[in-house]
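Open the model in your viewer and switch to cartoon view.

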Amino acid sequence: MSEAATATPEKMGFKAEVRELLQLMIHSLYSHREIFLRELISNASDANDKLRFLALADPGLLGEEKELGVWIEADAKAGTISVRDNGIGMTREEAVAHLGTIAKSGTAEFFGKLTGDAQKDSALIGQFGVGFYSAFIVADRVEVLSRKAGQPAGAGVRWSSAADGEFTVETVERAERGTQVILHLKDDAKEYADAWRLRSLVRRYSDHLAFPVFMPKEGAATLDFEAVNQAKALWTRPRTEVTDDEYREFYRHIAHDGEAPLAWSHNKVEGKREYTSLLYIPARAPFDLNQRDAARGLKLHVKRVFIMDDAEQFLPLYLRFIKGVLDSSDLPLNVSRELLQKDPEVEAMRSALTKRALDLVARLAKEDPEKYTQFWREFGAVLKEGVSEDYSSRDKLLPLLRFASTHEAGDEDKTGLADYVARMQPGQQKIYYVVADSRAAARGSPFIEQLRARKVEVLLLGDRVDPWIMGQLHEFEGKAFQDAASGDLDLTGLPEADKPAADSAAPDEAQGKALLERVAKALDDAVAGVKASQRLAESPACLTRGEDGLSESMRRVLAAAGRGELPASKPQLELNLAHPLVKRLAGLEEPDFSELSQLLYDQAQLTEQGQLANPGEFSRRLNSLLLKLLQH
Ligand code: ADP
């Protein structure tokens, strides 16, 4: 590239999504405008972290300027604020790439999630990590001057934009290493250039940082900087000296989340192994919680030096919602992801941190059930994965599970297993549950009619993973789990249902047996057998599979997981012999007998699978029956 070419400022367009985002942000974040400062200070601190890390391998990068810091000053007259770091810096190409696009995938989903509610949107925007652009909430023009560490003074870059869809870049001479962001404040945002106002904001956003943040000394005639924060990484301070506000602010910095966390746990481990951990439970699930390549894990430090983001080796997958920091005194400074995978120390820390994280969740459940309900709504489905992933933590996980239940109205998961056991009926030995496509469908399931009639509580499950998870649970506090839809439902020992009305009493045994045989013949190939039901009260019929047979819901989980064709298995038809329709069936002749038997079977299939093998045939049958009724 010739000198002339690089010296002329080059005009470039923002990517469409950046343009849209800028507009959105300027409007939706208007009421929280001061967060621009948090974002810029946070970026400056990250830039210093990155340089300190690279300097471990290449100390020459630091040159003469070994102390890393952040400098902030305002010019009230000119209406500008400057935030400068002496960290890693950017090349011209990097400035174009990082400040002109949104690197993260999933932009479309992000826009889809914006609600128009400023409070919610600002949390989302924070989560999405578009921090730098927040400068445009208060500035109508932003200038970025930067020079990458290790590059000569001639390789500086000047980036500038007025948020009008374009930015310019040019190569400039720049003596200082690192990045300086200069905000030209909008008329209605000039208040931020007020020294006193700025200072109090900077304090709030920088007390937890590991680097000193400098501001001009008040009242000094010449420019004389002083540090306005403690410059001590928050997790290295004793718990008793850190305020809740500081913990929350630090969370915002590491998690890029505008919303306050639900809970945190800060621990120092000493002895054979030495490390400090600070774990947080976020208030809201990130939009990419279930994407395979989503960032997860802790921010890893070794002896206070930042090493990497998203160190996922320290927590199991089902705890991927936990955010936080880990600072080890034992790992080598040159540790890499590959080394972490092999290190037995890491394995030991992982199991200790898993325990720590589960204890934190348990504490939230115990101390603040309302917040726990919120937690469960956001992360319950993920935490549940632990039941099958982490056998050794099962004792800790089971008390954390929450379910919808026949004991409570509504679809919210509020019932814990301990609550259930405490409410068990006299004589009840098992924990009953039923799985359907949704909690509402589970509540209406015919499989639990008898249990309900006997006032036996049933847990209602409706997540896709539920059949899989529940299939792996055996017992809680000595009580076995029982799927209300599976096998023969043994009701011995349970309280009696309120006395059935005289006309709904079941026919005698011989009559019943004869009816079952007739129905079996009429349905012929469709079912494995027909028997009298224990579980039905209001419905005439249902389909069940044996204890060992795959339930229909499990079959769907496996099919969705791509397990291919599963061997067909025939269900059992259960008839409620006390049901008036079934009683009338006994008196019918052919072809009506077969037609009604088939209709009962179709209905049962509908409730079990939500669909019919042959819907056309079902409609024909139903219509001819209706016609017959109307002719009478
Ligand atoms: P995030 O920090 O979440 O990645 P930002 O929009 O705040 O998103 O920043 C985008 C990118 O710009 C950063 O990832 C970083 O590469 C670069 N950047 C921003 N500020 C600085 C800075 N002070 N020094 C060096 N690089 C920076």
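Select helix 21 (residues 592-609) and helix 22 (residues 615-631) in this predicted model. They pack at an angle of about 125 degrees, and their axes lie 10 Å apart. An angle of 65 to 115 degrees would count as roughly perpendicular and one over 145 as roughly antiparallel, so helix 21 is oblique to helix 22. The crossing of helix 21 past helix 22 is left-handed.

Now show side chains. Which residues of helix 21 meet helix 22? Pick Asp592, Glu595, Gln598, Leu599 and Asp602. Across from them, in helix 22, pick Phe618, Arg620, Arg621, Leu622, Ser624, Leu625 and Lys628. Colour this contact by class: 4 residues are nonpolar, 2 polar and 6 charged.

Next, select helix 3 (residues 35-57) and helix 9 (residues 244-255). Their axes are 10 Å apart, at an angle of about 65 degrees. That makes helix 3 roughly perpendicular to helix 9. Helix 3 passes helix 9 in a right-handed crossing. Show Arg38, Ser42, Ser45 and Asp46 on helix 3, then Glu249, Arg252 and His253 on helix 9; these make the contact. How many nonpolar residues does the contact of helix 3 with helix 9 have? None: it has 3 polar and 4 charged residues.

Last stop: helix 2 (residues 16-28). Check its length with the distance tool. Its 13 residues, at 1.5 Å each, should span 18 Å, and the end C-alpha atoms are 18 Å apart, so the two agree. Then highlight the buried residues of helix 2: Val18, Leu21, Leu22, Met25, Ile26 and Ser28. Residues three or four places apart in an α-helix point the same way, because a turn takes 3.6 residues.

Definitions and conventions. Residues numbered from 1 in each chain as written. Predicted model: local features only at pLDDT ≥ 70, side-chain atom pairs only at ≥ 80, totals over all residues. Heavy atoms only, no water. Axes fitted to C-alpha atoms, helices over the stretch in contact; angles between N-to-C directions. Helix = DSSP H or I, 4+ residues; strand = E, 2+ residues; numbered from the N terminus. Parallel < 35°, antiparallel > 145°, perpendicular 65-115°, else oblique. Left-handed = near helix turned anticlockwise from the far one by under 90°. Contact = heavy atoms within 4.5 Å. Nonpolar A, V, L, I, M, F, W, Y, C, P; charged D, E, K, R; others polar. Expected span 1.5 Å × (residues − 1). Buried < 20%, exposed > 50% of the residue type's maximum accessible area, 1.4 Å probe, protein only.
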